[in-house]
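I opened this entry to look up how two chains meet and what space is left inside. My notes follow the structure.

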Amino acid sequence: MSFMFTVSPDFTPDHLSGWYIFNTWLQRQTDIAIHLEMYNDFASQHKAIKEGAIDLIYANPFDAAMLVREKGFLPLVKAEGVADEAIIAVNTESSIEDVAQFEPGTKVAFTDDPDVKMMGMIMLEPGDLDADNIVPISADTYILVAKHLLRGEADVGIFLAEVFDGLSGMVKSQLRVLVRSQISVIHHCLMIGPEMMDKRELILEKLVQMSSDEQGRGVLKSLGFENWQKVEDEEMEFMIDLMDTLMI
Amino acid sequence: MWANREPFLEILNSELNMIGDMQPEDIAGDYKEVTLDLYNSVNRKILYTDIETPYPDGKLIVSTTDPEGNITNVNKSFIEMSGYSEDELIGAPHSILRHPDMPPAAFKDLWDTVKKGDKWQGFVKNIRKDGGYYWVKATVIPNIRNGKLAGYTSVRRKPSRTNIDACSKLYPTMF
């Protein structure tokens, strides 16, 4: 029998192969059979979680509460020094200089990445914008969010900061950042489910030591960060409480 | 000798939880003075000015307290906006931020709500150590651990000017 591993669908496409390499590394290190299943969107991933099909997940912080409180997952590790931050940006030709200048009916482009959308909407609140008075423009990728802005189809776009910073110079030169979040405590987390819980200590031990050898460092590089850092149960509970305050 | 340390710890804790009067040397600009009845008949002399510090874009002010409302953790934004050091904040009651323009009914509603286990959200005018003020949109939730109340988490975000203006008109009518 093999356990099922999945990654939050908002992973950076450049790191897709990295997750497969990581899964191979993890199986070799632990001698546990693990199948990596990548879902195209949050809806299909949520369906798999609800059906109890997932045992290991690199989870979006938005899903942490459901995974811990409803499905009995516990945290393992997070990417060291990596936090989820959002940016709201406009076309450089926009007359908007401050969020307070937005009016109801503002066209807001975003992806289905739930924590980034939430942070972006919080940054629009000082302009009295909310889900009830914006015109939502849903996009499959952040590149498409940028395109909506460049074509004048959206007034403001919500981006994962990491992705915005990685946009081409040509695209970024036509966009202007209005607000960049500085929250620091919202992050993705690798979490383990009940069926696999007796393997928690073994996996944790391998992960926190991963950067101590060259092969491990190479795999981490393919994921886009330098080390895993242990997440204590209370740190996860704190993030769940924090997310809870932000969802209203 | 160590068997007797608990009474000393209790005294130390009670001193840590005391909330001192605001001091004129900490205040920036002209100020007014008032004494607030904070809780359990604890009074605090408040020195306050008309100087507003705008809430910074993109930041959250985060703190946690124990079940009695004494601060157990603060983030960097909390320290920056309140003007207090981390050492001054940890162990202090959260009412160290209480501004005299805030109607007591708002805090009663807050405590009544969170003690029932529900979330509370509202707009709050907080006082800084330097006597100035800042407005926040605050959300407070109970932290439940193993089925028991472990404390509260309070997260503040930037309010809109429309909401600040509305509360500035409403709150004086609630005294």
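**Interface of the two chains**

I looked up contacts (heavy atoms within 4.5 Å) and found 24 residues of chain B touching 20 residues of chain A. The model is predicted, so I noted that local features need pLDDT of at least 70 and side-chain atom pairs pLDDT 80 or more, while totals for chains, interfaces and linings use all residues. Residues are numbered from 1 along each chain as written, chains are lettered from A and ligands numbered from 1 in written order, and side-chain values use heavy atoms, without hydrogens and water.

I then read the buried area (accessible area, 1.4 Å probe, lost on putting two parts together, summed over both). Chains B and A bury about 1,900 Å² between them, 56% of it on carbon and sulfur atoms.

I counted salt bridges (a side-chain nitrogen of Lys or Arg within 4 Å of a carboxyl oxygen of Asp or Glu). There are six between chain B and chain A. Arg145(B) pairs with Glu237(A) in a salt bridge, with the closest N and O atoms 3.7 Å apart.

**Cavity**

I searched for cavities (sets of points on a 1 Å grid over the protein atoms alone where a 1.4 Å probe fits but cannot get out; lining residues have an atom within 4 Å of a point). The structure has one cavity of 30 Å³ or more. I noted its lining residues, including Met119(A), Ile122(A), Asp57(B) and Arg157(B).

Notes:
1 Å grid on protein atoms, 1.4 Å probe; cavity = no way out; pocket = protein on both sides within 12 Å on 5 of 7 lines; lining within 4 Å. Points joined across faces, edges and corners; volume = space filled by probe spheres on them.
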